[in-house]
Amino acid sequence: MSAGPEAWAGRRLGAGPGGDDEPGAAFRVVGKALPRVDGVQKVTGATIYADDIELPGMLACVLLRSPHPHARIRSVDATAARSLPGVTAVLTSEDLPIRFGPLPISQDEEVLASAKVRYVGDPVAAVAARDEPTARAACKLIEVDYEVLATVGSIEEALEVPVDEPIHGDTEIGNIHRFVALEFGDVDEGFALADHVREDVLFYEGSNHLAMEEHSATAVFAGDQLTLWSSTQAPHNVHRVLSKVLELPMGHVRVVATPHGGGFGGKVDPFAHEVAVAKLAMVTGRPVKCTLTREEVFYNHRGRHPVLMWVRTGATRDGKITAMHFRTALDGGAYASLGVATTHYTGALQTATYAIPAYRFEGARVFTNKATCGPKRGHGVPQPRFGLEIHLDKLADDLAIDPVVLRQQNFVKPYTRTVNGLRITSSGLEEVTEKVVAASAFRRRPRPVGHGQGFAVSAYLCGAGFPMYLNRMPHSEVNLKVDRGGVTVFCGATDIGQGSDTVLATLVAEELGLARGDVRVVTADTGLTPVDLGSYSSRVTFMAGNAAIDAARKMRAILVDAVASRGGQPGAAVRVGDGGIGEVSFEEAVALAEEARGTISTSGSYAPPKGISGRFRGSGVGPSPAFTFTAAVVDLDADPLTGEVRVNKVFVAHDIGRILNPVLVRGQVDGSVYMALGEALMEEQSYRKGLHHHPSVLEYKTPLALDMPAIETILVETIDPEGPYGAKEVGQGPMLPVVPAVVSAIHDALGVWIDEVPVTPDKVLRALDQRAKGGEGRVGPRRFPDIPYPPCTKVSPDAATASL
Amino acid sequence: MSPPGSSRVVRLSVNGEPRETIVAENETLLEVLRERLRLTGTKHGCELGECGACTVLVDGDQKLSCLLLATEVEGAAIVTVEGLASGPDLHPLQDAFMELGASQCGYCTAGMLMSAKALLDENDEPTEGEIRDALSGNVCRCTGYASIVDAVGVAAARLRGER
């Protein structure tokens, strides 16, 4: 069912400055190719990152980590370490008995392990010493008596029952952490209506974020106030965890997110080292810093979940999908992290691009003795998107339908509800598809052996519709201070390099008619700035952006009113812009307002509108106030002799809502394509018997400058009715279609299907060899394991679309 | 050779300033720059010579400061990212990086700039391939390298007096 934007929009902000709804509203700052607000500091080396902090009397903290993937701790003896000269304190589990985790339902982590270690790298003790070498020497003196347990190393091993020694006690069954089982519409009936049914099994390997900056945190405890500086993407999460584990009131804890050396999801979770330095600062009365080594970052991980997938789709002869059944099995590693959300995400967004009338999703996340998986760019969505798009290519082949046409026939229309209750509003899905197909000449491509093109589409969130912990407060809050000292925006949002500080300054400058340089930004400091939930799920532009516009519009009204009252004219007659309010300069307007009202500050906030999801258990993961849509074509050469793949060009068309700053947008699209190519062709966080294969930058292969192809980006502005001036996200969506498009292009080039990523040359050669011997020419998982999913919760169409 | 852990005085020229500092025999140039001289613009991403974040110029050559002992570069002229600009005037590479968005999180930027500077000092009209080759030891996870390669090309053109 389709209705107009009016029937669907939540709080409409108006697409232009001051709430002006003119389609052609003139912007002064928005849309301009201005450098980022912190540009000079970043190119001169002046930016102070977490590990650049040096405080008088500071101690260095090193964590002693488990060398075993799975072991019982019989005892920990730190006597010798404590008496080493230069050592100030050693903490073990009894100093920090309270568990934590990023979600209320996942409080399964200890700062320092008490009874058991569950992966190589699990922290056991924390040392504070005068310098790092002394702290490392002290770690070597700590005697831990381990009883080594059997390692659970894969999804298959984790599914084995009975289990002698489950990794965790509180699970669904054995080592199965969490099940999701949902059914929307009548799936059996849908399959009965199909002329053709196809099944595929696919696998997506895990990968690390490999942010260039290793995690680092520094704590100071003075009086009864704790301050922590950390390279975190979500200072609010860390704030809550410190308060809980250290039993300090929230008001006695301040968390400052330092300028970020890259996040990509790897710094969303609260970490043991952050709590350890805080406790050590409390114990020693001195500043304490902990900076992880690169190897430790690989163990800290929280990266992409390896996901095994099975998908079954029914379609009519002419390519209309009648039903889909999607199963996933996620290798979660040692702890829960955000894995419950990840599991839901592996099933939630298939319906955001294709109108699937009946849909069943069964997901299971298992615990293994490996570094914990969590959120990485695209959080749980790249894996099923890869599986779905490859599956649809094969379905199109079966039905002898053009793969683009097959998809177009099933596209979700704008302003509709999906069968699983997602509210879809603005959508450029049709347009991005047409444009990317035209730009890449996909339909007219020459098809010599070894050259191929692949096509895929995707959808992504503009922020999670629900917070990580249940509450009805805003997701983002902004305070705006305007006085004779200037204009300052305060917001908890965290700039992780994506440019969110720049977005905040841009929006406020636009509303107040100022140059962007006239707006100062203070962010990500829980002691100074109001709450923003963090930089994850591509939420900051949409949510913090709307909060900033809300605050700025209130400020604009105050200034207009002050000028209008003085001149005895109606406010509507007062023009804002070019550094002036009506007839007076901005500074004079501020003085008038201050004279009339005293201190002038305004606040803005944003919460997603109600009714963007269905009403059923599990409906909290997937909904978003808006979705972006992306289409990609990858053009490549694949060498049948060596199996090597050379990507020539990637065409990406992305529905961005509105471009707020083309420089930042380009950065996000290029970076997304880059990360997708890494995951499609090289990156793997893989293990042998619980040991990481290659925890180093050299051996963990990523694309370098010489590997990157040309990228042609096409941006489609759909002007979302609820986005800040119509803007939507760009940080994650453009990554999603690129991975399947690579695999599809390899099939186009060589006629073999590699149903698992990364596609390394050996897999290509194996598939070619197999085909030469009369086989099917496919490399990928053979079967999907038997998983004891519980019966599906059947969600009626009414419940799926009922507003909360 | 002195025993490990023993210290001595090392003289360096850093960004044109003579510096004299006590260093341990096993201390790397990276550690001395960051921790002794407090020039934290130079970054570490691995301390194993694998990521390029710590790239500096040593007597004009592109070097990984995490793989050099400070005692090995006694008397050398070191240039770090802090030495690129002339007072408030940014180097054309810095300007171009900023304008084109070649620095996102900014953590690889110092190393990228120094690798690019070493290239342009030798080759004032590099091809795109030569730029990519010169930067192939510097890992960046944000940009996909595209805007960085463009920025180096733009800076080279400006240094030649074009554009």
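**View 1. Chain A and chain B share 27 residue pairs in polar contact, counting pairs with both residues at pLDDT 80 or more.** Keep in mind that this is a predicted model. On the side of chain A that touches chain B, the elements giving two or more residues are α2 (39-44) and α18 (662-681) of chain A. Of these, α18(A) gives the most, with 8 residues. Sort that side of chain A by class and you get 19 nonpolar, 16 polar and 12 charged residues.

**View 2. Here is a salt bridge that joins B:Arg141 to A:Glu683.** The closest N and O atoms of this pair sit 2.8 Å apart. Across the interface of chain A and chain B, there are 6 salt bridges.

**View 3. Now for the whole contact, with 47 residues from chain A and 41 residues from chain B.** For chain A and chain B that's about 3700 Å², and 58% of it is on carbon and sulfur atoms. Look for A:Val43, A:Met212 and A:Ala705: in chain A they lose the most area to chain B, together 20% of what that side buries.

View 4. A:Cys290 is in no disulfide, and its nearest cysteine sulfur, in A:Cys61, is 4.1 Å away. A:Cys290 is also buried, at a relative accessible area of 1%.

Technical notes
Residues numbered from 1 in each chain as written. Chains lettered and ligands numbered in written order. Predicted model: local features only at pLDDT ≥ 70, side-chain atom pairs only at ≥ 80, totals over all residues. Heavy atoms only, no water. Disulfide = S-S within 2.5 Å. Buried < 20%, exposed > 50% of the residue type's maximum accessible area, 1.4 Å probe, protein only. Contact = heavy atoms within 4.5 Å. Buried area = accessible area lost by both parts, 1.4 Å probe. Salt bridge = Lys/Arg side-chain N within 4 Å of Asp/Glu carboxyl O. Polar contact = N/O pair within 3.5 Å; in protein donor to acceptor, adjacent residues only side chain to side chain. Helix = DSSP H or I, 4+ residues; strand = E, 2+ residues; numbered from the N terminus. Nonpolar A, V, L, I, M, F, W, Y, C, P; charged D, E, K, R; others polar.
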